[in-house]
Amino acid sequence: MLSNTCIFLLAPVILCIFLIPVGGTAEDEERPKITPKIYASVFVRRREEHKLFVKHLASSNYEKTYKMLDIAYDKILEIIKDNNMTLHQSGYVASTGFPTESRLQDSVALIIENICLGGDLILHFPEISYRILKKQPEWKQIFDWGTQFLNNYAHILSEQTYQMVDLFRQEVNLTKRSPDFVNPYYTKLPMSETKEKKRPPKKKLKRGPQLTGRVEL
Ligand SMILES: *[C@@H]1O[C@H](CO)[C@@H](O)[C@H](O)[C@H]1NC(C)=O
Ligand SMILES: *[C@@H]1O[C@H](CO)[C@@H](O)[C@H](O)[C@H]1NC(C)=O
């Protein structure tokens with residue numbers, strides 16, 4: 001179950017960051033009871049894994065990062081949608097707090113974690129991300145829903161998480177940007193030689209005086 005959701009990085013690192021159940025891979029009956037407090041510390045660990053993944057991408061070139069992000073966004077959006085459906089069908093109401101049933105805990109955790117990871121990725125690699133997400137017409141709606149879903153867990157998630165989410169919402173214009181908005185995470189990647197060979201030349205931003213800056217959506 002887990003292995004097909006891993007991202008196999010080109011480096012000798014394998015990260016299965018998208019689909020890890022809160023209680024680990026243990027069967028349900030042996031699974032320790034997950035309280036909001038326990039999940040809060042699990043979440044801190046997950047965020048460290050997310051940071052490692054971002055760091056790995058940031059040390060790759062444009063083309064490699066594009067490939068990995070292409071897989072990543074597919075998974076992230078699919079997981080968020082699927083688990084939203086699970087929660088919805090179960091009748092769970094997020095404002096009642098962190099669920100006690102393990103199946104629902106997994107769904108809530110997966111949504112929270114994949115929203116945060118998605119936020120990190122878009123903030124660090126906005127141009128590549130927008131190129132990829134263009135293919136996923138619902139991406140903005142999904143992140144809009146998901147970032148608001150996170151507001152139900154303020155007692156679990158860190159202040160830093162909400163700061164990231166706020167910047168994320170401003171970056172993708174889900175929230176009106178403040179006049180002094182800057183994306184502090186923006187990471188520029190070196191190009192590889194074969195990159196963009198299928199793109200029409202007018203899209204190349206390096207040549208010519210008419211720089212447009214951003215990739216349009
Ligand atoms: C989550 O489920 C609700 C109810 O089915 C739906 O209205 C909403 O659009 C869904 N959100 C996402 C991101 O799929
Ligand atoms: C958000 O709005 C800014 C300012 O209008 C614009 O430059 C940018 O391309 C927009 N980004 C997205 C992802 O919509």
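For the tally coming up, Ala, Val, Leu, Ile, Met, Phe, Trp, Tyr, Cys and Pro count as nonpolar, Asp, Glu, Lys and Arg as charged, and the others, Gly among them, as polar. Keep in mind that you're looking at a predicted model.

**Stop 1: the ligand.** Select ligand 1 and show its surroundings: K81, N84, H88, I142 and W145. By the classes above, that shell splits into two nonpolar residues, two polar and one charged. Now zoom in on N84, where a polar side-chain atom sits 2.5 Å from an oxygen atom of the ligand. On its own, ligand 1 would expose 360 Å², and the protein buries 60% of that.

**Stop 2**

**Stop 3: the core.** Next, select Y39, I112, L121, I122, F143 and Y153. In the largest nonpolar core, which has 53 residues, these touch the most other members. Then bring up the helices: α1 (36–58), α2, α3 (102–124), α4 (126–133), α5 and α6 (159–171) each put at least two residues into this core. The largest share, 11 residues, belongs to α3.

**Stop 4: I122.** Skip its neighbours within four places in sequence, and I122 is in contact with Y73, S129, Y130, L133, W139, F143, F168, E171 and V172.

Technical notes
Residues numbered from 1 in each chain as written. Chains lettered and ligands numbered in written order. Predicted model: local features only at pLDDT ≥ 70, side-chain atom pairs only at ≥ 80, totals over all residues. Heavy atoms only, no water. Near = heavy atom within 4 Å. Polar contact = N/O pair within 3.5 Å; in protein donor to acceptor, adjacent residues only side chain to side chain. Areas by Shrake-Rupley, 256 points an atom, 1.4 Å probe, with all protein chains shown as cover. Core = buried A, V, L, I, M, F, W, Y, C linked by side-chain atoms within 4.5 Å. Buried < 20%, exposed > 50% of the residue type's maximum accessible area, 1.4 Å probe, protein only. Helix = DSSP H or I, 4+ residues; strand = E, 2+ residues; numbered from the N terminus. Contact = heavy atoms within 4.5 Å.
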